[in-house]
Amino acid sequence: MLPSGGMLQIAFLTDNPGVWLLHCHIGWHTSLGFALTFVERPDEIKAKDDVEKNCVKWRAFADSHHIKQRDSGV
């Protein structure tokens with residue numbers, strides 16, 4: 001258990017280029033900011049445009065279906 005106000009360090013091998021989400025699996029924790037995105041080895045991401053295209057597609061879908069997204073949706 002991490003004590004209140006404590007710190008956590010994570011080390012991992014950066015051998016998989018891409019955009020990766022690290023998050024807590026308790027929904028309201030994520031809403032409070034316990035989520036972050038790693039962009040690993042950005043110069044080696046083969047489909048950079050796909051990342052932005054997915055964001056654009058999600059925004060269009062959410063708008064057309066009247067989805068009010070209050071948090072990240074994780």
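This is a chat about a predicted model of a protein, from its overall fold down to single residues.

Student: What should I know about the model before I start?
Tutor: It is a predicted model, where local features need pLDDT of at least 70, side-chain atom pairs count only at pLDDT 80 or more, and totals for chains, interfaces and linings use all residues. Residues are numbered from 1 along each chain as its sequence is written, and side-chain values use heavy atoms, with hydrogens and water left out.

Student: How many helices and strands does the protein have?
Tutor: Two helices and two strands. Helices (H or I, at least four residues) and strands (E, at least two) are DSSP runs, numbered from the N terminus.

Student: In what pattern, along the sequence?
Tutor: The pattern is β-α-β-α. The radius of gyration is 16 Å, well over the 11 Å that the globule rule gives for 74 residues, so the protein is more spread out than a compact globule. That radius is taken over C-alpha atoms, and the rule is 2.2 Å times the number of residues to the power 0.38.

Student: What does the C-alpha trace span along the principal axes?
Tutor: About 45 × 35 × 15 Å.

Student: And how much of the protein is buried?
Tutor: Of the 74 residues, 7% count as buried. Buried means under 20% relative accessible area, exposed means over 50%, and partly exposed is in between (1.4 Å probe, protein chains only).

Student: What about the accessible surface?
Tutor: It comes to about 6,700 Å², and 59% of that belongs to carbon and sulfur atoms. The areas come from the Shrake-Rupley method with a 1.4 Å probe; for residues, only the protein chains shown count as cover.

Student: What share of the contacts joins residues 24 or more positions apart?
Tutor: 38%, counted among contacts with a separation of 6 or more. Contact means heavy atoms within 4.5 Å.

Student: Switching to charges. How many positive and negative ones?
Tutor: There are 8 positive and 9 negative charges, and their mean positions are 6 Å apart. Lys and Arg count as positive and Asp and Glu as negative, while His and the chain ends are not counted. Each charge is placed at NZ of Lys, CZ of Arg, CG of Asp or CD of Glu.

Student: How many salt bridges turn up?
Tutor: A search of the whole structure finds two. The criterion is a side-chain nitrogen of Lys or Arg within 4 Å of a carboxyl oxygen of Asp or Glu. R41 pairs with E44, with the closest N and O atoms 3.0 Å apart. R59 pairs with E52 at 3.2 Å, N to O.

Student: Why can such side chains pair at all?
Tutor: Opposite charges on side chains can pair when the charged atoms come close.

Student: How accessible are R59 and E52?
Tutor: R59 is partly exposed at 44% relative accessibility. E52 is partly exposed too, at 43%.

Student: And the other pair, R41 and E44?
Tutor: R41 is partly exposed at 33%. E44 is partly exposed at 41%.

Student: Where does R41 lie?
Tutor: R41 is in the loop between β2 (35–40) and α2. Its phi is positive, about 50°, although R41 is not a glycine.

Student: What about K48? Where is it, and what does it touch?
Tutor: K48 is in helix α2 (residues 48–64). Not counting residues up to four places away in sequence, K48 touches P42 and D43. Its C-alpha is 9.3 Å from that of V19, 29 residues apart along the chain. K48 is partly exposed, at 44%.

Student: Now β2. What does F38 contact?
Tutor: F38 lies in strand β2. Leaving aside neighbours within four places in sequence, F38 is in contact with F12, G18, V19, W20 and L22. F38 is partly exposed, with a relative accessible area of 27%.
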